[in-house]
Amino acid sequence: MDEHETLTARRLNKAREEVQELRGRLKGMLSKIDQRSKKLMSEIEGLRAENRRLEQEKSSLQGTLKRVREQSAQRFERGWELFQRYQEVGAHARQILQTGVFAHEDDFTSFICGGAQPKSLATLWDVTNECMRSGRREDAEILWDIFEYCVELVNSTKEKDIYAILQVDEGDQFDSDFQTEGPRSRAQGKVIEVYLRGYRNNYNGDVIRKSVVRVG
Amino acid sequence: MMIELPKNRPSRLSAVRVNKIQFNHIFTDSAVAMGEKIARDLAALKDDIAPVADKRFVLFKNKKVWFDREVSGLFPRMEDRDLPVFQCNSSFDNRAIKNFKCFEREGFKFSFLTFQEVEKTFGKGKGNPYLDGSGNLTFCKNVSHRSNIIVGIKEGSDCSYWYDASNNCRRGNECGNCPGNCTYTATLVPIYRLRGKNAAAMSYFDSFFSWIKLGLMPEGLKARQEKFFSDLINDYPTLEEYITVEDETITFDSAHFSADVLSGAFTETVFGYDFDIKGTLNAVLDGSKQYSGSVGALKTELLNCDHKRANIQPYDERILTDINRGHWDLFEPAREGDIEIDLPQDEMLVARPPQMDVRLHGLCAIDFGTKSTIVVCRDGDARMLRIGKGDYSKAPTMKDFENPTAIELRDINSFLDAYRARVGRPFTEWDQVTVSHQAAEAIFKADVGSSVYNSVFNELKQWAKDEQSYPILKDLSGVTQDIKPYLETQSIDGGDFDPIELYAYYLGLYINNMHHKIYLDYILSYPVNYRKDVREHIRASFERGLRKSLPPALQADEQMMKHFRVYLGASEPAAYAISALECFGLEPKRIGDKIAYGVFDFGGGTTDFDFGIEYIPENKRRNFVIDQFGFNGDILLGGENILELLAYEVYKDNIDIMRKNKIPFALPPGCELFAGAETLVSRTKDASSHMNNRILAEKLRPIWEHTDEIKSFGEDAMPVTLFSRAKNNDSYTLGVKLNVDVKRLEKRIEERIRVGVENFFQSMYSAFEGKAVYPIHIFLAGNSCRSAVVKTLFDEFIKQEEGKLAENIKADSGQDKDTSGTFILHQPLGMGDEASALDPSMLDRQRTGKTGVAFGLLRCRKGGKDIKINNKNVDRDDEVKFQYFLGDAGADGQTFTVRIGREVKYGEWAYFTSADEADFEIYYTTTPRALKNNLPIEQVSMVRCVLDDEDVSEDDDAGVYVRKVDPNTIEYAAGSEDDFKGEFKGKIYRQKLSQV
């Protein structure tokens, strides 16, 4: 082999080595790129999942918002309806309620705000009871609807419902812990008519007003 | 001790004898129950038979007709193939059709259908039971055209026309639909209309009642349904007025029905039950008829006997059948006039001698309180009882054991009649009189002016003490019940009305029943300041009432009744001290130890102070002895009185509103009228004034009890509905907003209690004078002592008094001495460190400032050899010591000055004033602060006394002398000192003193 060939061979070897080295480096780079690519893909997948979750959350929140808006609309629609019916209530009941519950009886905001006060409930119930006892049945019916609505309003301001209307049905055994005798009642027996349901505080279990029933 | 049981009565019974009242109950209850059963059955029937009857086409079992709801009509059943058939174009038949009037069957007159009706009923494919799939009638004579139904003769012509069910079309001569010369035949199916021609469809309800009225029983009912339906058909005419249908509900007015049955307005026999109560009852009572009613009614009566009597949970059925149990009432010996009820052969009821249920070692302690009464029974464990709350399945609350001292009269005449008719366990009813919780609540359940207000009596204890109290009660039916002063009142059986005996009777029913067994030994606490004769009268009332709650068979057992006793054990504060000394671990450990105490019993209506020393007797005949002395109190200091005081303050602060709206108010005891208030504020408690007082007091309760609600007072004026004397919008109630100054009211509370605490310390010094036993333990008792103000004030006074003591020692001996710990304050039981965490299952054993009295009482029992009380608050005759300080207006005419103190004994004449003019004034008070001689004269009571002219003398030796006769009476006379040394010969004047 002449010198030229030898030189050429050396150059070839060197070039081969360089190529191999380059190939190794490229492989390393490729591996890194591959790893990074996988990592990025994984991140992308994570971001996509997060995006999906956020989309779902968004959707859920939109649903909740819609529901709340609907409920709110319904609630205030019902409030408006009751507010209008309240104007039909007799002057006597309205006079009493003006002092403790609905300060401005011709103002809807006052009606809603007054009704949402926990301390309003007892007065409202008492006036309803008085109307019922004195034979003002129509007034009593309107006030009862308002009372139920106010219980909902008060409850909606709390994490858990604080007040609950007492359950009592005709045919139940009279229970003096939860019921009190209304007009024309016997002292013991079964409930034969429910005049007015009472209510209780769910937090401490206190019966704030007992149901008024006819016992027979 | 062995119980000797009666041997003259069997325990297993095949026949039961019941007395007339009981039988009357059974019979009438049975009739009422039957009425209620009819109501239930009727309400259930329409749903029960709906699967069979709620259809369009219904066949009937008892009459040959069928029904189509869509046309509201009945049709003759066709199985007999007897409906007339006509040829359609025959002039002969046309005449026959024209002359057809009606078709009669089962009493119904049927007539032609209209086209509209026939199309509805016989239209193909509508499920008509008499039409086959091709539209042919299934049961008709063998004719050529089985689908044709005659409808009638066309108006204005002689031509018939008919309906072809197979083709669903109308046909007839000259109508164009009928082929000429036709030889068609048609069946005449007539209708009986329930609602007229071409009527709208009937509802199921309308159909149902139409069938009942017409006596039609649908096919396909079960035997049980058929029986009821058949009875209903028969009895409907007599029951029709009680039956209504509304909103698809059938209602039987059982209340109206029962009322008619019981009043004798309804005497028919329906559903096989004879509702002629009076007739049947009389027949059974005079023996001409045997009772044939259900034994179930008898059992129900027996199981519910105490439920009906006192609202106590009914007994379970095994009490009648379990040989180891048995029912007391079945053991009662037969009395003349009793009715015998034979039991079926397979039925055997078990009688139980009440003697077997006597807890011979048991003891019952009763603390008869002004506001509430505590009952503790001991047979092993000592436990409190709930009175008036007879549902033992319910978890109790602490309030349940504080039984309000109240009765409510609902039907007093019936109650008294029943009460007097039987020696024990009379057949009185809870619906005639209620007590305790239910009675106490009754006052708030109706309007003022209604009968409810006067039907409730909750001042039993105050009435007992007041010699001039004549309360008038009115029951719910409007019957007036006058009440005499207590000491003039005799037994209920003797014809009087004694509310305390009545209350004790109900306590007895709750103590002695088949749930709890029987107690014969009773110990009562008593108010320490009540006169001896009043205390004895209370004991006698309790004895009568408690005895009345015992079964007659037991009362007839002389041996057993030797164990029955009711006695006075200890005064209320002493009994509380016993509990407190035990629970706080203060009882003396060895002979020579002396434990001094004072009780500040701050209740709802009054505050009592009492003092004593506990020690171990040297003779060891008892575990401990208590020397009790120095009783005193503040008759106007009570939690409820403070609330009334606050209410009055708020009333005064808002007088302009009250005046403008004519809102009256009852002046609370111990308060003074203010200028210009006379027309609105009254001393008498008329209903409106009293209710306003109560309503305002309740509103202000958060301030007194210092609950969270107190915050709301600062936010706005307080809205409240009060009673006015003028009508407003057709009502006597009125809503007003009142200004409430919480700080000022709190200060008022503090001022009022401060007076009480000051009185207590004054009494304590007086009581312990010369006794030198330290430290003195101060026990706070009564529910009102839970107020934080009480503790604060006591702490303040203790510090102050201990300081004064140290100063006095220094002044006397020149030595500095640490006097702290001389007075040791103890919070009410149940509030301090000794109170264990409240275990719900231990609630009936929980000692509190209120319940501690009854528990302490148990330790004073006779034979217990436990604690003996030497009551030095009474004299040798056991009479309570005279409580008043007697005096005059002092040198300045403004300050009460004691002239005759408590040291002067009954019967001793003591100089009071000169006898130089006929008139003189005696001021008097029980307030211990009187001893300081600085009490403003307007804070004490006064009586004006007058001497006869011949007793008036300018002689310097002549004076007015006074002597104490009984706790509320004095006598005075004029003379010289020598005249009173022996037996006084002159005129003696008598004067009553009253506490308020």
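1. Start in chain A with a residue pair: A:A164 has A:R200 as its bridge partner in β4(A). That pair belongs to the link between β1(A) and strand β4 (residues 199-201) of chain A, two strands that run antiparallel and are joined by 3 bridges. Keep in mind while browsing that this is a predicted model.

2. Now zoom out to the sheet around that pair. It's an open one with 3 strands, ordered β1-β4-β5 (chain A), and the pairing is antiparallel. The edges are taken by β1 (163-165) and β5 (207-209) of chain A; each has a single partner strand, so one side of each is left without a neighbour in the sheet. Ignoring direction, neighbouring strands here are turned by 30° against each other on average.

3. Two helices lie over these strands. Helix α4 (residues 118-133) of chain A lies across β1, β4 and β5 of chain A, at about 50° to β5(A). Helix α5 (residues 137-156) of chain A lies across β1 and β4 of chain A, and runs at about 155° to β1(A).

4. Over in chain B there's another open sheet of 3 strands, this time in the order β25-β24-β26 (chain B), again with antiparallel pairing. β25 (433-435) and β26 (456-457) of chain B are its edge strands, each pairing on one side only. Strand β24 (residues 407-409) of chain B is joined to β26(B) by 2 bridges.

5. Next, a helix pair in chain B. Helix α1 (residues 20-48) and helix α7 (residues 254-263) of chain B pack at an angle of about 150°, and their axes are 9 Å apart. That angle makes α1(B) roughly antiparallel to α7(B). The crossing is right-handed. From α1(B), the residues involved include B:V32 and B:E36, while α7(B) brings, among others, B:F257 and B:L262. By class, the residues of this contact are 6 nonpolar, 4 polar and 1 charged.

6. So where do the chains meet? The contact draws 23 residues from chain A and 24 residues from chain B. On the chain B side, α15 (436-442), β36 (718-728) and β37 (731-738) each supply at least two residues. β37(B) gives the most, with 6 residues. The side of chain B that touches chain A has 6 nonpolar, 11 polar and 7 charged residues.

7. Last, the confidence scores. Chain B averages a pLDDT of 86, with 94% of the residues scoring at least 70. The model scores ipTM 0.71 and pTM 0.76.

Notes. Residues numbered from 1 in each chain as written. Chains lettered and ligands numbered in written order. Predicted model: local features only at pLDDT ≥ 70, side-chain atom pairs only at ≥ 80, totals over all residues. Contact = placed C-beta atoms within 7 Å. Helix = DSSP H or I, 4+ residues; strand = E, 2+ residues; numbered from the N terminus. Nonpolar A, V, L, I, M, F, W, Y, C, P; charged D, E, K, R; others polar. Axes fitted to C-alpha atoms, helices over the stretch in contact; angles between N-to-C directions. Parallel < 35°, antiparallel > 145°, perpendicular 65-115°, else oblique. Left-handed = near helix turned anticlockwise from the far one by under 90°. pLDDT = per-residue confidence, 0-100. Pairing = 2+ DSSP bridges.
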